[in-house]
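Biologist: I would like to go through this structure with you, term by term. Please tell me what each label rests on.

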Amino acid sequence: MAAQEVTYTELLSHDTKEDLYVAIHEKVYNVTRFVDEHPGGEEVLLDVGGQDATEAFEDVGHSDEAREILSGYLVGDLKRGANDPKPSSASENRVSLPPGEDSAGGIFLITISPSFVYAIVVAGLAGGAYYYLQLQQQQTSA
Ligand code: HEM
C-alpha cells in the first residue's frame, strides 16, 4: 500500500478541535479523536493543530507509549512544496539522533559517577587502614 501524501497546505486546513492534524517527523497524524484524551491537555495540541509539531512533541520527552499511540493516527507522509516552511533545524537534528540517545547519555553519567566515588572512598579507606597497621607494627616492635 503506497503511503498517502498530505501537502503542507492541506495540513494547514486541519487546525480545529473537530478536525485536527499535526505533523511530527515529516508524518501527518489525525489526532482529532485523541485531543480529549491527551494527558498533557487539549490546549497544547490545539496550539500546534495544522502545523509541524515535531519540536513541541520532542521537547516534552514523550514516552514510547506516546509514540505508539501516535502511530495509530497516521494519515501519511508530509509533502512540502518549494515555498512551504522547511523542517526546523531542531526537528532535523532529532530525526538524525538514534532513539533514546539523550537518555542513554544520562544513564551513563548516573552509573559512572557513583561507582567512581565509591572506588575513591574504598581506596582511601584501604590506604588509611594500611597506614594505621604499619604504625601499630612500628609501635609494638619498638
Ligand atoms: C500529537 C501527538 C501527541 C501524542 C500522541 C501525545 C501523547 C501523550 C501521552 C501518551 C502523554 C503521557 C506521558 C507519556 O506517555 O509520555 C503525554 C503527556 C504530555 N504531553 Fe503529549 N502527546 C502529543 C503531543 C503533544 C504536544 C504537541 C505537546 C506540546 C507541548 C504535548 C505536551 C504534553 C505534556 C506537557 C505532557 C505531560 C503531561 C503531564 O505529565 O502532566 N504533547 N502526551
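Predicted model: local features only at pLDDT ≥ 70, side-chain atom pairs only at ≥ 80, totals over all residues.

Biologist: What makes a run of residues a helix or a strand here?

Modeller: Both are DSSP runs, numbered from the N terminus: helices are H or I with at least four residues, strands are E with at least two. The chain has six helices and five strands. From the N terminus on, the order is β-α-β-β-β-α-α-α-β-α-α.

Biologist: How do you know that strand 3 and strand 4 pair?

Modeller: Two strands pair if DSSP finds at least two bridges between them. Strand 3 and strand 4 have four bridges, in the antiparallel sense. Val22 stands opposite Tyr29 in strand 4. The two strands form a hairpin with two residues between them.

Biologist: How many bridges join strand 2 to strand 3?

Modeller: Two bridges join them, and the strands run antiparallel. The cut-off is at least two bridges, so strand 2 and strand 3 count as a pair. Thr16 stands opposite Asp19 in strand 3. This is a hairpin too, with two residues between the strands.

Biologist: Which way do strand 4 and strand 5 run, parallel or antiparallel?

Modeller: Strand 4 (residues 27–30) and strand 5 (residues 74–79) run antiparallel, joined by three bridges. Tyr29 stands opposite Leu74 in strand 5.

Biologist: What is the strand order in the sheet?

Modeller: The order is 1-5-4-3-2, in an open sheet of five strands with mixed pairing. Strand 1 (5–7) and strand 2 (15–16) stand at the edges, because each has a single partner strand; one side of each is left without a neighbour in the sheet.

Biologist: Why is His25 called partly exposed?

Modeller: Count the C-beta atoms, placed from the backbone, within 10 Å of a residue's own: 20 or more others make it buried, 12 or fewer exposed, and anything in between partly exposed. His25 has 17 C-beta neighbours inside 10 Å, so His25 is partly exposed. Glu26 has 15 and therefore gets the label partly exposed as well.

Biologist: What makes strand 3 mostly covered?

Modeller: Five of its six residues are buried. Over the chain, buried residues make up 14% of the 142 residues.

Biologist: Why is a set of residues called a nonpolar core?

Modeller: A nonpolar core is a set of buried Ala, Val, Leu, Ile, Met, Phe, Trp, Tyr and Cys residues joined through C-beta atoms within 7 Å. The largest one here has 15 residues, and Val22, Ala23 and Val28 have the most contacts inside it. Strand 3 and strand 4 each supply at least two residues of this core. Strand 3 gives the most, with five residues.

Biologist: Which residues does Ala23 touch?

Modeller: Contact means that two C-beta atoms, placed from the backbone, lie within 7 Å. Leaving aside residues up to four places away in sequence, Ala23 touches Leu11, Val28, Gln51, Asp52, Ala53 and Leu78. Among chain contacts between residues at least 6 apart in sequence, 74% join residues at least 24 apart.

Biologist: How many residues surround the ligand?

Modeller: There are 19, and the closest are Gly40, Val44, Ala56, Ser63 and Ala66. A residue is near the molecule if its C-beta atom, placed from the backbone, lies within 6 Å of it. Helix 2 (42–47), helix 3 (54–59) and helix 4 (64–71) are the elements that give two or more residues to this shell. Helix 4 gives the most, with four residues.

How values were computed:
Residues numbered from 1 in each chain as written.
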